[in-house]
Amino acid sequence: MEPVYRGLGRCVCCFWLAVAFDIVGLLVLLIGVFVNVFFYDLLIYAGAIVIFLSLIWWVFWYSGNIEVPPAELEDDVGLLKKNKGGLSGVVRRFSSRMSSGIRNSFRRNGGPASTRTARGQRSAAGPAGAPQGGQVAVAMATMPQYEDTPHTVSSVAGCEVEMPHTATETSPT
């Protein structure tokens with residue numbers, strides 16, 4: 001028989017941590033508001049963050065105290081009552097045989113068909129250094145500078161700005 005929890009419930013530690021975070025956060029926040037210090041904004045933000053972090057402990061306390069009867073858990077966590085007789089037993093046995101057969105065939109054959117074809121294509125593609133599907137080989141070369149004079153770009157205000165010639169290398173993917 002399970003013990004009966006009264007008062008604060010099962011997760012007393014989470015409850016007291018949540019209360020402590022709330023009290024400390026509120027104290028730091030109020031010190032930042034009412035005490036004349038030069039770092040008051042830090043205290044206000046820190047107090048608000050500590051109060052926000054107390055929500056974690058409140059959620060832990062609340063979710064730790066949720067009670068669900070075992071009858072409602074049967075379908076969710078695999079506590080299904082297995083009736084050997086009737087139509088449901090036949091369907092359950094057939095389903096488990098089919099799923100285990102399919103699972104074992106994948107293990108014997110080395111995975112689904114798409115994986116096997118990719119391995120066969122990989123060996124027929126060429127040497128290991130050659131680009132494979134999904135990879136792009138890009139040849140890059142340095143470009144010589146064609147002009148010695150810098151380019152001038154006129155702006156709206158009428159002054160001219162000299163820009164040096166730059167080469168941009170791009171590769172389409």
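E67 is exposed, with a relative accessibility of 60%. In this predicted model, E67 takes part in a salt bridge with R10, in which the closest N and O atoms are 3.8 Å apart. The pair ties together parts that are 57 residues apart in sequence, because E67 lies in the loop between α2 and α3 (70-73) and R10 in the segment before α1. R10, for its part, is partly exposed at 32% relative accessibility. A search of the whole structure finds one salt bridge. In general terms, side chains of opposite charge can pair when their charged atoms come close.

**Overall organisation**

The chain contains five helices and two strands. Their order along the sequence is α-α-α-α-α-β-β. Of the 173 residues in the chain, 6% are buried. The chain exposes about 14600 Å², and carbon and sulfur atoms supply 64% of that area. Among contacts with a separation of 6 or more, 45% are between residues 24 or more positions apart.

Helix α1 has 23 residues. Its span from the first C-alpha to the last is 33 Å, close to the 33 Å expected at 1.5 Å a residue. The buried residues of this helix are C14, F15, A18, G25 and G32, and these buried residues pack against α2.

What does A18 touch, beyond residues up to four places away in sequence? The contacts are with S54, W57 and W58. A18 lies in helix α1 and is buried, with a relative accessible area of 0%. The C-alpha atoms of A18 and W57 are 4.9 Å apart, although 39 residues separate the two in sequence.

The contact between A18 and S54 can also be described from the side of S54. This serine belongs to helix α2 and counts as buried at 1% relative accessibility. Leaving aside neighbours within four places in sequence, S54 is in contact with A18, F21 and D22.

L26 is also found in helix α1 (residues 12-34), but is partly exposed, with a relative accessible area of 43%.

| Residue | Relative accessibility | Class |
|---|---|---|
| A18 | 0% | buried |
| S54 | 1% | buried |
| F15 | 14% | buried |
| W58 | 26% | partly exposed |
| R10 | 32% | partly exposed |
| F60 | 42% | partly exposed |
| L26 | 43% | partly exposed |
| E67 | 60% | exposed |

The class of F15 follows from its value: F15 is buried because its relative accessible area is 14%, and the cut-off for burial is under 20%. W58, at 26%, counts as partly exposed, since that class runs between the 20% and 50% limits.

**Aromatic pairs**

The count of aromatic pairs comes to seven. One of them joins F15 and W61 in a tilted arrangement, with 5.4 Å from centre to centre and 50° between the planes. This pair links distant parts of the chain, as F15 is in helix α1 and W61 in helix α2 (residues 40-64), 46 residues apart.

How are the rings of W58 and W61 arranged? Their centres are 5.9 Å apart and their planes stand at 85°, so the pair is edge-to-face; the cut-off for that class is over 60 degrees. Both tryptophans lie in helix α2, three residues apart, about one turn of the helix. An α-helix has 3.6 residues a turn, so residues three or four places apart point the same way.

F15, W16, W58 and W61 form one aromatic cluster.

**A nonpolar surface patch**

Which residues make the nonpolar surface patch of about 810 Å²? The patch consists of Y45, I49, F52, L53, L55, I56, V59 and F60. F60 lies in helix α2 and is partly exposed, with 42% relative accessibility. S54, which also lies in helix α2, is by contrast buried at 1%.

Key. Residues numbered from 1 in each chain as written. Predicted model: local features only at pLDDT ≥ 70, side-chain atom pairs only at ≥ 80, totals over all residues. Heavy atoms only, no water. Helix = DSSP H or I, 4+ residues; strand = E, 2+ residues; numbered from the N terminus. Buried < 20%, exposed > 50% of the residue type's maximum accessible area, 1.4 Å probe, protein only. Phe/Tyr/Trp six-rings, centres within 6.5 Å; stacked < 30°, edge-to-face > 60°. Patch = residues over 30% accessible without salt bridge, like charges linked within 9 Å, V, L, I, M, F, W, Y side chains within 5 Å. Areas by Shrake-Rupley, 256 points an atom, 1.4 Å probe, with all protein chains shown as cover. Salt bridge = Lys/Arg side-chain N within 4 Å of Asp/Glu carboxyl O. Contact = heavy atoms within 4.5 Å. Expected span 1.5 Å × (residues − 1).
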